[in-house]
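Let's take a walk through this protein together, one stop at a time. Keep the sequence and the structure side by side as you read.

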Amino acid sequence: MTRFRRTATAAAALAFTAAATAVLGFAGPASAHVTVNPKEATQGGYARVAFRVPNESDTASTTKLEVVLPENAPVGSVSTMPVPGWTVTAEKRKVDPPIEVHGSQLTEAVSKITWTATGDAAVKPGQFQEFPVSLGPLPQVESMVFKTLQTYSDGNISRWIDEPAPGAEEPEHPAPVLTLAAAAAPAGSPAPSAAVASPDDDDDDDGNGLAVGLGVAGLVAGLAGLVLGGLAFARTRREPVVKA
């Protein structure tokens with residue numbers, strides 16, 4: 001009986017250890033993938049973002065980073081910031097059909113940016129490196145997905161290319177995603193409203209009305225005076241003259 005209990009206890013401990021290892025093994029890489037920072041920008045504007053690359057290997061260093069720009073969201077201007085010890089190259093592709101950007105036709109756009117370490121500049125175990133990029137004007141889309149390849153000194157390649165799905169859990173090898181918010185409406189553009197008469201207009205209307213009223217009253221009084229005068233004259237002619 002004692003031996004059975006010891007065997008059951010050992011089996012339970014082994015199962016718990018295996019489960020914990022599986023959970024930690026899954027959570028570790030997911031928390032150390034390549035990301036873009038900041039994670040949000042505004043449509044139509046320019047943004048400075050940085051691709052943050054942690055080194056996941058315990059024995060090899062990161063020697064190359066390839067970032068693919070989304071084909072469905074071309075950007076007219078892409079520029080990189082120098083990173084000490086790294087060379088950078090940009091590949092371009094044709095935009096067909098061309099799209100209009102700030103009044104100009106965009107016929108080609110950057111399709112991929114590649115950083116390569118020189119000398120001792122590789123990202124070593126336990127370290128990370130950021131690769132800054134300026135982008136703009138940002139397209140009128142909800143997000144930009146940058147599929148990324150991370151190459152190690154031992155030849156291994158981490159492929160951060162899985163696109164996120166709405167409402168689903170984060171994929172095992174997620175691609176960096178830049179969320180784009182719609183631009184805010186320009187300030188100082190109030191909604192149209194009905195015209196309202198100013199106090200001066202009211203004063204003018206009152207003055208004009210008073211003048212018209214007085215004119216009509218004067219005309220009526222004049223006519224009444226003429227009528228009364230005529231009646232008095234006619235009465236005088238009908239009455240006999242009395243001699244003293």
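Our first stop is Ser 61, which sits in the loop between S3 and S4. Bear in mind that this is a predicted model. Is Ser 61 buried or exposed? Its relative accessible area is 15%, and because buried means under 20%, Ser 61 counts as buried. Beyond its neighbours up to four places away in sequence, Ser 61 touches Asn 55, a run of partners made up of Ala 122, Val 123, Lys 124 and Pro 125, and also Thr 151, Tyr 152 and Ser 153.

Now step back to the whole chain. The protein has two helices and 12 strands. Of its 244 residues, 27% count as buried. Among contacts with a separation of 6 or more, 71% are between residues 24 or more positions apart.

Another loop is worth a visit. Gln 43 lies between strand S2 (40–42) and strand S3 (47–54). Its relative accessibility is 14%, so Gln 43 counts as buried. What does the side chain of Gln 43 find there? One of its polar atoms lies 2.9 Å from the backbone oxygen of Val 141. Val 141 is also among the residues that Gln 43 touches, along with Leu 138, Pro 139, Gln 140, Glu 142, Leu 180, Ala 181, Ala 182 and Ala 183, again not counting residues up to four places away in sequence.

Setting aside neighbours within four places in sequence, Glu 108 is in contact with Lys 92, Arg 93, Lys 94 and Val 95. Take the pair Glu 108 and Val 95: they are 13 residues apart in sequence, and their C-alpha atoms are 4.9 Å apart in space.

The backbone has some details to check as well. Most peptide bonds are trans. Here, the bond from Asn 37 to Pro 38 is cis, with omega near -5°, and Pro 38 lies in the loop between S1 and S2. Asp 96 and Pro 97 are also joined by a cis peptide bond, where omega is about 0°; Pro 97 belongs to strand S6 (residues 86–101).

Our last stop is the largest pocket, with about 330 Å³ of space. Which residues lie nearest its centre? They are Pro 164, Glu 170, Pro 174, Ala 175 and Val 177, out of 18 lining residues. Strand S1 (35–37) and strand S12 (177–181) are the elements that give two or more residues to the lining. By class, the lining has 11 nonpolar, three polar and four charged residues.

Methods:
Residues numbered from 1 in each chain as written. Predicted model: local features only at pLDDT ≥ 70, side-chain atom pairs only at ≥ 80, totals over all residues. Heavy atoms only, no water. 1 Å grid on protein atoms, 1.4 Å probe; cavity = no way out; pocket = protein on both sides within 12 Å on 5 of 7 lines; lining within 4 Å. Points joined across faces, edges and corners; volume = space filled by probe spheres on them. Helix = DSSP H or I, 4+ residues; strand = E, 2+ residues; numbered from the N terminus. Nonpolar A, V, L, I, M, F, W, Y, C, P; charged D, E, K, R; others polar. Buried < 20%, exposed > 50% of the residue type's maximum accessible area, 1.4 Å probe, protein only. Polar contact = N/O pair within 3.5 Å; in protein donor to acceptor, adjacent residues only side chain to side chain. Contact = heavy atoms within 4.5 Å.
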